[in-house]
Amino acid sequence: MRFTFRSELESKPNANGYYAIFVRITQKTQGDKKPVLKRVHTDYFIQKSDWVKNSREVVRGGGVKKTHPNASVYNRKINELIYKGEEYVNNNPLASIDEVK
């Protein structure tokens, strides 16, 4: 099984116009025709204009623009979630996507 981790912004805003930041985990196996997806929310919400699709601040995927007042905190949390997930699947080669947090 192969896992990939990537940070993303929710496609639709909440009632206040803010978008959730999450880490998308994709599990691919040889027998599956379609990969299995799981999203881990960071509990952070931002405006769409504060998001960069490919950020140098985040290891994989997008990140919060440096001009956002909490950018360093949010981007650090995104990186922690990605590293934690990668470490788990590297130490547990038979892990299923449900076990990865």
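1. The largest pocket of this predicted model is lined by Arg-6, Ser-7, Glu-8, Leu-9, Glu-10, Ser-11, Lys-48, Trp-51, Lys-53, Gly-61 and Gly-62. Its volume is about 200 Å³. Strand S1, which covers residues 2-9, gives the largest share of the lining, with 4 residues. By residue class, the lining holds 5 charged, 4 polar and 2 nonpolar residues.

2. The largest nonpolar core contains 20 residues, among which Phe-5 and Ile-21 touch the most other members. At least two residues of this core come from each of S1, S2, strand S3 (36-46) and helix H1 (71-91). H1 supplies the largest share, 6 residues. In soluble globular proteins, nonpolar side chains tend to be buried together.

3. Leaving aside residues up to four places away in sequence, Ile-21 is in contact with Glu-8, Leu-9, His-41, Thr-42, Tyr-44, Ile-46, Trp-51, Val-64, Tyr-74 and Ile-78. Among these contacts of Ile-21, Glu-8, Leu-9 and Trp-51 also belong to the lining of the largest pocket.

4. Is Thr-26 buried or exposed? Thr-26 is buried, because its relative accessible area is 6%, and the cut-off for a buried residue is under 20%. This residue, Thr-26, is part of strand S2 (residues 19-28).

5. The surroundings of Thr-26 may be described as follows. The side chains of Thr-26 and Arg-24 are joined by a polar contact of 3.4 Å. Not counting residues up to four places away in sequence, Thr-26 touches Arg-2, Phe-3, Thr-4, Pro-35, Val-36, Leu-37 and Ile-97.

Methods:
Residues numbered from 1 in each chain as written. Predicted model: local features only at pLDDT ≥ 70, side-chain atom pairs only at ≥ 80, totals over all residues. Heavy atoms only, no water. 1 Å grid on protein atoms, 1.4 Å probe; cavity = no way out; pocket = protein on both sides within 12 Å on 5 of 7 lines; lining within 4 Å. Points joined across faces, edges and corners; volume = space filled by probe spheres on them. Nonpolar A, V, L, I, M, F, W, Y, C, P; charged D, E, K, R; others polar. Buried < 20%, exposed > 50% of the residue type's maximum accessible area, 1.4 Å probe, protein only. Polar contact = N/O pair within 3.5 Å; in protein donor to acceptor, adjacent residues only side chain to side chain. Contact = heavy atoms within 4.5 Å. Core = buried A, V, L, I, M, F, W, Y, C linked by side-chain atoms within 4.5 Å.
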